[in-house]
Amino acid sequence: MRPNPLRSQLPEFVCVKPDTFWRYDIGVDPYIKCEQAGFFSMWLRGYKYVFICEKYFNMTMSPIGPPAKYCVPVIENKFNGRGDLLGDYQKYILVHELVHFYLGRPSLGWNTNPKETYRMNQCVNMDPKNSLKNPMHYQYFLAMVEQNCIDEPDPFAPPFPLSPEALALGNSSDPSVLAVDLS
């Protein structure tokens, strides 16, 4: 997957304030999105702006502590724990938004089909074609490499129902292939 070759502009970072909606003609109020749980930043499809929420600045830039402190253990071939302790740091979130920006239209989001996947086990469960379009994969990958995390589930083994045939086809639309609830 390559960056969108038609995108000739660089991203512009905007600190979200209560009046952001009125300053930018974007159709969505970033301030309201920022007030929702889980939003630290956002990129809106088709725009050059990466909106940074106020709570982003309350996060640390990088994990604090020894390597592997926040790695998520794998138990019974599933991540067992919270990926946010591993990946919710300023630099990883910035990479996430830049993946959205540079991939452009092909990147998965909250309004695409399939939707962007955020939980670690759901990321493992996603077919390879859509994995390349899912910014969380890049966010978790960077976090795991930088923090020396070495445990990972095997997507070819239970509970992940990805057969080699499904992987070869990149078939994520067949509900029988991805029907396991891994939340």
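Asn-77 lies in the loop that joins strand 4 to strand 5 (78-79). Helices and strands are here DSSP runs, numbered from the N terminus: a helix is H or I with at least four residues, and a strand is E with at least two. The model is predicted, with local features needing pLDDT of at least 70 and side-chain atom pairs counting only at pLDDT 80 or more, while totals for chains, interfaces and linings use all residues. Residues are numbered from 1 along each chain as its sequence is written, and side-chain values use heavy atoms, with hydrogens and water left out.

The backbone comes first. Most residues other than glycine have a negative phi, and most peptide bonds are trans. Asn-77 has a positive phi, near 60 degrees, although this residue is not a glycine. Its relative accessibility is 18%, so Asn-77 counts as buried; the term buried means under 20% relative accessible area, exposed means over 50%, and partly exposed lies in between, with a 1.4 Å probe and protein chains only. Ala-68 also has a positive phi, of about 75 degrees, without being a glycine. This alanine belongs to the loop between strand 3 (49-52) and strand 4 (74-75), and at 35% relative accessibility it counts as partly exposed.

Pro-159 is placed in the loop between helix 7 (135-146) and helix 8 (164-169).

Helix 4 deserves a separate look. Its 14 residues reach 20 Å from the first C-alpha to the last, close to the 20 Å expected at 1.5 Å a residue; the expected span is 1.5 Å times one less than the number of residues. An α-helix has 3.6 residues a turn, so residues three or four places apart point the same way. Among the buried residues of helix 4 are Ile-93, His-96, Glu-97, His-100 and Phe-101. The buried residues of this helix pack against strand 2 (41-43), strand 3, helix 3 (84-87) and helix 7, where contact means heavy atoms within 4.5 Å. After helix 4 comes Gly-104, with a positive phi near 65 degrees.

Rolling a probe the size of a water molecule over the atoms shows where empty space is left. On a 1 Å grid over the protein atoms alone, a cavity is a set of points where a 1.4 Å probe fits but cannot get out, whereas a pocket is an open set with protein on both sides within 12 Å along at least five of seven lines; lining residues have an atom within 4 Å of a point. Grid points are joined across faces, edges and corners, and a volume is the space filled by probe spheres set on the points.

The largest pocket holds about 770 Å³ of space. Its lining has 33 residues, of which Gly-38, His-96, Glu-116, Tyr-118 and Met-136 are the closest to the centre. Helix 4 supplies the largest share of this lining, four residues. The second largest pocket has a volume of about 570 Å³. Of its 21 lining residues, Cys-123, Val-124, His-137, Phe-141 and Met-144 are the closest to the centre. Helix 7 gives the most to this lining, with six residues.
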